[in-house]
Amino acid sequence: MFTDEALDSVEIESLWRKSQQAAQESRGCQTRAVHITEAEVQTVSTSSSWTQTEEPQHQDTEQLLQQNQDDPDPPGLKDFLQRVEDSVIRELVRNARSHAFDGFQVNWEEHNNRVSCLHCLQHPSAQERGLHVTSVSWSCTGSVIACAYGRIDEGDWSTENSYVCTWNLNRQSLNPNQADLVIDVPTTVTALCCHPNQPALIAGGLYTGEVVVWDTSQTQDPVLVQTGMSADSHREPVYQVSWVPLQKKGEFGVLSASSRGQVLLWTVDSDQNAFVLNAAYAFVRQQVPHSSSFKVRGSSTVGVTSLALSPWDSDTFLVGSEGGLLLRCSFSAQTPAAVPSEGQSVTPRAPAVFSFRPRRGPVHSIHCSPFHRNLFVSTGTDGLAHLHSLLQVDPLLSLRVSDSYVFQVQWSPTRPLVFAAATGQGEVQIFDLGRRSLRPAATIEEGGAGHAATCLSFNHQNPRQLAVGKTNGTVAVWQLSTELTEQNPRESSQLEQIANQVAE
Amino acid sequence: MAEVEETLKRIQGQKGVQGIIIVNSEGIPIKTTLDNASTMQYAGLLHQLVMKARSTVRDIDPQNDLTFMRVRSKKNEIMIAPDKDYFLIVIQNPSD
């Protein structure tokens, strides 16, 4: 029944080993070497430029006026011109020959032949202490006058405090003996300038070298920003401050000049609590451009006593020094000044570009003409007023103003040929270059000679008003006659002729 | 077209002429020898003045009409020749 059987074994070959062996092949691959080289780039010179779009106000008008020669004329233009040409030319010729209007003058406003004193403002506590008025400035609205008190005859450090007073002349309740606003200042104020757009801001320079901006709308503490005694600030009295329009439209910086030969440009930082030094200019005798015809002597610092901005060229400013130098300077000068570094945050530059004939004695005041690009007038302790052209070394005209010092000179804002000068004898002399004679057209003297007139300022909003500050602590506001304030039709061309003269 | 330029040159060559502006009936300047800013100012202001003068003349006498207008000022004289479609404005300084 059961028998043994032997079965054959079944062999299954291993596929696994074979597949593995079959799949194994070795190959090699290698990427080619990557070539690396090192190179350096360095900028040798950099220049920065900026562009700004202007508001598109006049774009459409400019497009309208594009007179493209290829465009055909509007219809009927030729016929219209043919019709009117003859009559127009006839009228033009007749007008050029006519004498009908010779000497014909119309009085739109009441003709006033007198110069009269409108107000005589004083601050009793300043007068008691015998303070002098060092600077006056009208606000941009033309109704407020700000005056700074101090002393002009000081040589030493002093710890006297002084005042800045403002009066609003258009108020009914004007009291000449009491200022509308009195700001107490710890030292004497040597320079003052009201902001050209914002009536509440006043910039001042102090005897200690500080530059302050007061905000008269803040009753608590009028000091808005102050430079303080840092490495950046001046160490000597600040003789002039001015508001300068900055590159960004609508913003202004404060330019201050001190007798140590420094002119600094400050901007108010965005938090409105500190001054930031924007640019610094220092004057050193060696870097002043010399003209070969005159030698310059003296110490190496050039103490700046007066500063003037040119209303025509925002890059130019004029500087007068204690030694009588008169320099034309540029804001964009790049040469560094040869002064020892004192840890200032901005390197000072030497801005002097051109040197005019030096005067004998400090130059107290310079003013650029608002009617002609190239003219400016300067005065100093030699008692002469020099009319210069920016293009020539020698003055075009020298007028004797007084026998003593002349403290300030300013062009009239309405008559191109008129300027006024405040003298040490107390008079204000007003000169009219259109007159043949070289004597003053008018002399304003307010009784009691012996008190020098230290500063004057025309009111730009109401050009008939002239404010004069004197050493007896009073500020007089004068109303000028019509003759001194109304422009003649030929004045601009006369001024042009004077400017084009070549000095002998 | 060259005649237009020639006519303007002839007028400009008269003694004392400071500038010429041609304005169309809407007050938009189409030809000028002055700079853009002054042209726009003159064109805008004088167009209104001429329309006012014309309406004044016609109110007084409806059969009358404005033929020429001269505005004399301290410094110069402005002459305006009006027409249906255009005005010609010439500024002259007779004492030059």
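Reader: Where is the place of A:T423 in chain A?

Author: A:T423 sits in strand β23, residues 418-423; strands are DSSP runs of E with at least two residues, helices are runs of H or I with at least four, and both are numbered from the N terminus. Please keep in mind that this is a predicted model, where local features need pLDDT of at least 70, side-chain atom pairs count only at pLDDT 80 or more, and totals for chains, interfaces and linings use all residues. Residues are numbered from 1 along each chain as its sequence is written, chains are lettered from A and ligands numbered from 1 in the order written, and side-chain values use heavy atoms, with hydrogens and water left out.

Reader: Why is A:T423 called buried?

Author: Its relative accessibility is 0%, and buried means under 20% relative accessible area, with over 50% exposed and partly exposed in between (1.4 Å probe, protein chains only). A:T423 therefore counts as buried.

Reader: What does A:T423 touch, leaving out residues up to four places away in sequence?

Author: Contact means heavy atoms within 4.5 Å, and A:T423 touches A:V401, A:S402, A:Y405, A:V406, A:F407, A:Q429, A:A452 and A:A453.

Reader: What makes the set around A:L255 and A:F317 a nonpolar core?

Author: A nonpolar core is a set of buried Ala, Val, Leu, Ile, Met, Phe, Trp, Tyr and Cys residues joined through side-chain atoms within 4.5 Å. The largest one has 20 residues, and A:L255, A:V263, A:F283, A:L307, A:F317 and A:V319 touch the most other members. Two or more residues each come from β11, β12, β13, β14, β15 and β16 of chain A. In soluble globular proteins, nonpolar side chains tend to be buried together.

Reader: How do you know that B:R10 and A:E85 form a salt bridge?

Author: The rule asks for a side-chain nitrogen of Lys or Arg within 4 Å of a carboxyl oxygen of Asp or Glu. Here the N to O distance is 2.6 Å, so the pair meets the rule. Across the interface of chain A and chain B there are 4 salt bridges. On the chain A side, α2 and α3 give two or more residues each, and α3(A) gives the most, with 14 residues.

Reader: How much area do chain A and chain B bury between them?

Author: About 3200 Å², with 62% of it on carbon and sulfur atoms. Buried area is the accessible area (1.4 Å probe) that two parts lose on being put together, summed over both. In this interface, 29 residues of chain A are in contact with 35 residues of chain B.
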